[in-house]
Amino acid sequence: MSNFSPPISVSAVALDRVSKTHGRGDSAVQALDGVSLVFAPGTFTAIMGPSGSGKTTLLQCAAGLDRPDAGSVRIGTTDLTGLGERRLAQLRRRRVGFVFQSFNLLPSLTAEQNTLLPLRLAGERPRRRVARAALERVGLGDRTRHLPAQLSGGQQQRVAIARALVAEPEVVFADEPTGALDTRSARDALALLRGLVDDGGRTLVMVTHDAVAAAVADRVVFLADGRVVDELCAPHAETVADRMTALGA
Ligand SMILES: Nc1ncnc2c1ncn2[C@@H]1O[C@H](COP(=O)(O)OP(=O)(O)OP(=O)(O)O)[C@@H](O)[C@H]1O
């Protein structure tokens, strides 16, 4: 008799035959059509595809911000399908971080207060030391008291990245994080996101239109009409751009 047992497959996030339709009747749009994907822990994946191919919907379903009509989503070993709204909100606050194209900072809060929001929402005592450490990590240790309006776009996105990592989430989801940034700020933001994976061991899933941004990832997944149609490992920007052209994007 052998003691061999097959390795348990570990995933940070797993989607199994996820489908999602927005709207009803004549205006119904099937945004996702049976998408199955696994994101391994400590990896950086870019999601690309033509406009309307379902990228944001995929990210929102994977992050528990939206519910699929069919199929299932797991974060770690937690199946989101059966979770009620409260448990789902708890999971989003403690185990998931978000970075958006438009930063989504609260204008009346300082960089430090914005950074601490996830901890406040999770009912934890917000500690300034933790916020400062997160802001220092993104190179903004000297901007803790600034309001978003007193920061550049690149700096605001770095506050958003500090906010995404303050609760030490397993997974960070980023939707077009460089879409509103100039080339240099985009490069800085991407380096920080890459660092979350390389130095922090986190899992990153990023939607992007930019082949150069996608080339920072370990893997690129291409969507078209709500389905996974292609994949690249260790991508180069030119190859990514070629695949996008082939998809008519
Ligand atoms: N709330 C909604 N109500 C109705 N239709 C929606 C809604 N959200 C998305 N859709 C539709 O679902 C499809 C997929 O949208 P989604 O935003 O996921 O695509 P995307 O690939 O992220 O697009 P883009 O690159 O333009 O941001 C699109 O046809 C879109 O118009």
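Asparagine 104 counts as partly exposed, because 13 C-beta neighbours fall inside 10 Å. Keep in mind as you read that this is a predicted model. Asparagine 104 sits in the loop between E6 and H3. Although asparagine 104 is not a glycine, its phi is positive, at about 55 degrees. Most residues other than glycine have a negative phi.

Phenylalanine 103 also belongs to the loop between strand E6 (96-100) and helix H3 (111-121). Its phi is positive too, at about 65 degrees, and it is not a glycine. Is phenylalanine 103 buried or exposed? Phenylalanine 103 has 21 other C-beta atoms within 10 Å, so it is buried.

## The open sheet

Which order do the strands of the open sheet follow? The 4 strands are arranged as E2-E1-E4-E5, with antiparallel pairing. Strand E2 (29-39) and strand E5 (78-79) are the edges: each has a single partner strand, so one side of each has no neighbour in the sheet. Strands of a sheet pair through backbone hydrogen bonds, either parallel or antiparallel.

Within this sheet, strand E1 (residues 13-22) and strand E4 (residues 70-75) run antiparallel and are joined by 5 bridges. You can trace the pairing at individual residues: serine 19 has alanine 70 in E4 as its bridge partner, and leucine 15 has valine 73 in E4. E4 is then joined to E5 by 2 bridges, again in the antiparallel sense. There, arginine 74 has aspartate 79 in E5 as its bridge partner. E4 and E5 form a hairpin with 2 residues between them, and glycine 76 in the turn has a positive phi of about 60 degrees.

## A second hairpin

One place to look is valine 220, whose bridge partner in E10 is leucine 232.

E9 and E10 form a hairpin, with 2 residues between the strands. In the turn you will find aspartate 225, which has a positive phi of about 50 degrees.

## The nonpolar core

The largest nonpolar core has 72 residues, and the members that touch the most others are Ile47, Ala62, Ile161, Phe173 and Val205. Helix H6 (residues 183-198) gives the largest share of this core, 7 residues.

What is valine 205 in contact with, leaving aside its neighbours within four places in sequence? Its contacts are Val13, Phe39, Thr45, Ile47, Leu59, Ala62, Val171 and Phe173.

Alanine 241 is part of helix H8 (residues 237-246). It counts as partly exposed because it has 17 C-beta neighbours inside 10 Å. Alanine 241 and alanine 211 are 30 residues apart along the chain, and their C-alpha atoms are separated by 5.5 Å.

Serine 152 lies in the loop between helix H4 (128-137) and helix H5 (153-165). With 12 other C-beta atoms within 10 Å, serine 152 is exposed. Serine 152 and alanine 249 are 97 residues apart along the chain, with 30 Å between their C-alpha atoms.

## What the record says

In UniProt, an unreviewed entry lists residues 13-249 as "domain: ABC transporter". In the model, the span of residues 13-249 is 35% helix and 26% strand.

Definitions and conventions
Residues numbered from 1 in each chain as written. Predicted model: local features only at pLDDT ≥ 70, side-chain atom pairs only at ≥ 80, totals over all residues. Pairing = 2+ DSSP bridges. UniProt positions renumbered as here; feature names shortened; annotations may be inferred. Core = buried A, V, L, I, M, F, W, Y, C linked by C-beta atoms within 7 Å. Buried ≥ 20, exposed ≤ 12 C-beta atoms within 10 Å, placed from the backbone. Contact = placed C-beta atoms within 7 Å.
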